[in-house]
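Load up the model and follow along.

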Amino acid sequence: MPKMWKNLKHYLKKEKLMSISQFLVMTVTFLLLGIFIEVVAVSQTMLKYLEDQTQITVFFKDDFGEDKIFPFKDSLATDPRVLEVNYISKERALEIFKETNKDEPVLLESVSASILPASLEIKTKKISDLEPLANELQGKEGVEEVRFYKDVVDRFRSTSNTVYIIGFVLVAIFFVVSYSIIISSLRNVINSRGQELEIMKLVGASDSYVKNPFIYQGVFFSLISSVAASLIILLIGLGEDKSGVFSEGLSLGFLSHVFINPMIFSLILSFILILSGFLLGYFGSNAAVKKYLKY
């Protein structure tokens, strides 16, 4: 260990610019990875919220009274695809209209309950059931119009997928760059100490005695960079937690009913980043040692 710190201190003094560049690029790499995972979790949470809010609204004709609407509602409630059915009367529709347009007094004067349609708001257990159910309801007796805003969810999902692709590509590029920097920096160190290493081998130094300081150096830079990125991610998680925006927690796409507190999610993410830092440093430095020491 003392030899490792001595070699590292020597390298930092000799290659200040290279050390700073290596630290910055690798920190950006792990920060990008952390933000990418954070964006995926946030977008999945928003998508889950949108899916929960998406519903079918069935508007009825004026001559289709409550004596026919209620049996219609009861039959829908027994459908295994349906999660919840709520009846909105003409009077309740007027209350909602007034609340929505309370800043438009002129508009409110011209609207009465009689001109607003009664409706049913239907939520399904799965978002995939919305469209077929809406199509079935279109031709039912007394139904004037069927609306559901699946296109909003589809647009958001499409945007999220684009963000995922761009984020994944950026993370992959920066990981390749970081891996290359580890190898390049160790190559320079090995080349500059070529004669010293040869002498060490001649006097009987073992392969591990010669190799380990270089591996420690690669791991050190990678771990320090991942820790720096983790601190930023923890600050982001603290901000999300304090803001209360994700009071229910962050959702994970593959576990749709599981929500994790933003701060706990950031702690888990920090652990992943630090583990990634160790693995990148270890494998990168090992590759450089095998390539340039040749023993």
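Where is leucine 275 found? Leucine 275 sits in helix α10.

## Ground rules

This is a predicted model, with local features needing pLDDT of at least 70 and side-chain atom pairs counting only at pLDDT 80 or more, while totals for chains, interfaces and linings use all residues. Residues are numbered from 1 along each chain as its sequence is written, and side-chain values use heavy atoms, leaving out hydrogens and water.

## The nonpolar patch

Helix α10 spans residues 262–293 and gives the largest share of a nonpolar patch, 9 residues (helices are DSSP runs of H or I, at least four residues; strands are runs of E, at least two). The patch covers about 920 Å², with Tyr179, Phe271 and Leu275 among its members. Leucine 275 counts as partly exposed because its relative accessibility is 41% (buried is under 20%, exposed over 50%, partly exposed in between, using a 1.4 Å probe and protein chains only).

## Serine 230

Over in helix α9 (residues 207–243) you'll find serine 230, which counts as buried because its relative accessibility is 3%. A polar atom of its side chain lies 3.4 Å from the backbone oxygen of serine 270. Beyond residues up to four places away in sequence, serine 230 touches Ser270, Leu273 and Ile274 (heavy atoms within 4.5 Å).

## Lysine 123

Strand β3 (residues 119–124) holds lysine 123, partly exposed at 21% relative accessible area. Its C-alpha is 6.1 Å from that of valine 82, 41 residues apart along the chain. Leaving out neighbours within four places in sequence, lysine 123 has contacts including Asp52, Val82 and Glu84.

Technical notes: Patch = residues over 30% accessible without salt bridge, like charges linked within 9 Å, V, L, I, M, F, W, Y side chains within 5 Å. Areas by Shrake-Rupley, 256 points an atom, 1.4 Å probe, with all protein chains shown as cover. Salt bridge = Lys/Arg side-chain N within 4 Å of Asp/Glu carboxyl O. Polar contact = N/O pair within 3.5 Å; in protein donor to acceptor, adjacent residues only side chain to side chain.
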